[in-house]
Amino acid sequence: MILEIVSPEATLFKGEITAITLPGVDGSFQILNNHAPIVSILKQGTVKITAPNFKFNKEVAGKFTKVNDQNYTLEIASGTIEMKSNKVIVLAD
């Protein structure tokens with residue numbers, strides 16, 4: 001599936017992923033490939049991304065924390081998420 005993470009300053013990430021875990025207001029939840037459509041509000045917490053490979057722009061790479069070669073995390077203050085047609089869009093603060 002495709003993930004796009006957008007902040008007010010820039011697009012932080014756009015690429016192919018296999019899973020994403022998000023801090024929802026009612027608890028953490030995970031989205032996998034071909035997940036049903038969903039829209040949700042996010043609270044402060046950690047976004048965990050699993051992907052076969054990561055390519056970041058140099059100016060935003062410092063916002064992500066590497067766990068291992070296929071897993072990165074991103075701290076957010078709040079946001080929203082939409083999953084539709086195997087594309088995840090995260091609007092994050």
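Predicted model: local features only at pLDDT ≥ 70, side-chain atom pairs only at ≥ 80, totals over all residues.

Visitor: Okay, valine 47 next. Where is it found?
Guide: Valine 47 belongs to strand 6, which covers residues 45-50.

Visitor: Is valine 47 buried or exposed?
Guide: Buried: its relative accessible area is 1%, and the cut-off for buried is under 20%.

Visitor: What is valine 47 in contact with, beyond its neighbours in sequence?
Guide: If you skip neighbours within four places, the contacts of valine 47 are Ile20, Thr21, Leu22, Pro23, Tyr72, Thr73, Leu74 and Ile76.

Visitor: How many residues apart in sequence are valine 47 and phenylalanine 64?
Guide: They are 17 residues apart in sequence, and their C-alpha atoms are 9.6 Å apart in space.

Visitor: Switching to strand 7 and strand 8: parallel or antiparallel?
Guide: Antiparallel. Strand 7 (residues 64-68) is joined to strand 8 (residues 71-76) by four bridges. The two strands form a hairpin, with two residues between them.

Visitor: What stands opposite lysine 66 there?
Guide: Tyrosine 72, in strand 8.

Visitor: Now backbone torsions. What's going on with phi at serine 85?
Guide: Phi of serine 85 is positive, about 55°, even though serine 85 is not a glycine. As background, most residues other than glycine have a negative phi.

Visitor: Where is serine 85?
Guide: Serine 85 lies in the loop between strand 9 (79-84) and strand 10 (87-92).

Visitor: What about asparagine 86, what's its phi?
Guide: Near 60°, again a positive value in a residue other than glycine. Asparagine 86 is in the loop between strand 9 and strand 10.

Visitor: And how do they do on accessibility? Why does serine 85 count as exposed?
Guide: Serine 85 counts as exposed because its relative accessibility is 71%, and exposed means over 50%. Asparagine 86, at 24% relative accessibility, counts as partly exposed.

How values were computed. Residues numbered from 1 in each chain as written. Heavy atoms only, no water. Buried < 20%, exposed > 50% of the residue type's maximum accessible area, 1.4 Å probe, protein only. Contact = heavy atoms within 4.5 Å. Pairing = 2+ DSSP bridges.
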